[in-house]
Amino acid sequence: MAQNVFEGTPEQMTKLLACIDEHRGEAGALMPVLHEAQDIYGYLPAEIQTVIAEELNLPLAEVYGVATFYSQFSLNPKGKHKISVCLGTACYVKGSDKILSAIERELGIRCGECTPDKKFSIENCRCVGACGLAPVVIIDGEVYGKLTEHDVAGILDKYIKD
């Protein structure tokens, strides 16, 4: 399993603390602070959730609960190239699970993870509305359809060389 180590900068922390100060004492301050933190860091690592909890005087469990409840928040970093594999019914029936496995093998990470060099992240999704192209993978907004697991390496090569 790939291990991602949090690496924040002093500039990022300064921005986060300024955001927290701006919202401190407001009812519902947690949501805008979490949104801004994710904009600053690209995700919500445990270290940043802890800072937010301490600075807003909230239990860490509450910060974590909100961060995990809403789908727009991510606890894992995202790579430069975001890969989304459709696991909707049409895609799954046509083998998208095998394509997802091939991508995981090729990159050495699991779905929901980011490569240590932060170049790739993989996620799955449900129905992208391209059932006629099943199975479908989307990389950085580019749709690849009618794939087999043998297509994966060739497609990823384009992004690996980038």
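**Aromatic pairs**

I began with the aromatic rings of this predicted model, where I count 3 aromatic pairs. Phe 69 and Tyr 70 make one of these pairs, an edge-to-face one with the ring centres 4.9 Å apart and 85° between the planes. I then followed Tyr 70 to Phe 73, where the ring centres lie 6.5 Å apart and the planes stand at 90°, so I note this pair as edge-to-face too. Taken together, the ring pairs join Phe 69, Tyr 70 and Phe 73 into a cluster.

**Salt bridges**

I turned next to the charged side chains, for which the count is 6 salt bridges. In one of them Glu 123 pairs with Lys 78, and I read 3.5 Å between the closest N and O atoms. Because Glu 123 belongs to strand β2 (residues 120–125) while Lys 78 sits in the loop between α4 (60–69) and β1 (81–86), this pair ties together parts that are 45 residues apart in sequence. I find Glu 123 partly exposed at 35% relative accessibility, and Lys 78 is likewise partly exposed, with a relative accessible area of 35%.

I also noted the salt bridge between Glu 104 and Arg 110, whose closest N and O atoms are 3.5 Å apart. Is Glu 104 buried or exposed? With a relative accessible area of 11%, Glu 104 is buried, since the cut-off for that class is under 20%.

The side chains of Glu 142 and Lys 158 meet in another salt bridge, for which I noted 3.1 Å from N to O. Here Glu 142 is part of strand β4 (residues 142–144) and Lys 158 is part of helix α7 (residues 152–160), so the bridge ties together parts that are 16 residues apart in sequence. I recorded both partners as partly exposed, Glu 142 having a relative accessible area of 35% and Lys 158 one of 47%.

Finally for the salt bridges, I found Asp 21, Arg 24 and Glu 55 linked in a network.

**Negative patch**

On the surface I marked a patch of negative charge in which Glu 22, Glu 26, Glu 36 and Asp 39 gather. Of these residues I followed up Asp 39, which is placed in helix α2 (residues 30–41). Its relative accessibility is 63%, and I therefore list Asp 39 as exposed.

**Cysteines**

My last entry concerns Cys 131, which I located in the loop between β2 and β3 (137–139). How far apart are Cys 131 and Cys 91 in sequence and in space? I noted that they are 40 residues apart in sequence and 6.8 Å apart in space, taken from C-alpha to C-alpha. For Cys 131 I find a relative accessibility of 42%, so this residue counts as partly exposed.

Note on methods: Residues numbered from 1 in each chain as written. Predicted model: local features only at pLDDT ≥ 70, side-chain atom pairs only at ≥ 80, totals over all residues. Heavy atoms only, no water. Patch = residues over 30% accessible without salt bridge, like charges linked within 9 Å, V, L, I, M, F, W, Y side chains within 5 Å. Areas by Shrake-Rupley, 256 points an atom, 1.4 Å probe, with all protein chains shown as cover. Salt bridge = Lys/Arg side-chain N within 4 Å of Asp/Glu carboxyl O. Lys, Arg positive; Asp, Glu negative; His and termini not counted. Charge placed at Lys NZ, Arg CZ, Asp CG, Glu CD. Helix = DSSP H or I, 4+ residues; strand = E, 2+ residues; numbered from the N terminus. Buried < 20%, exposed > 50% of the residue type's maximum accessible area, 1.4 Å probe, protein only. Phe/Tyr/Trp six-rings, centres within 6.5 Å; stacked < 30°, edge-to-face > 60°.
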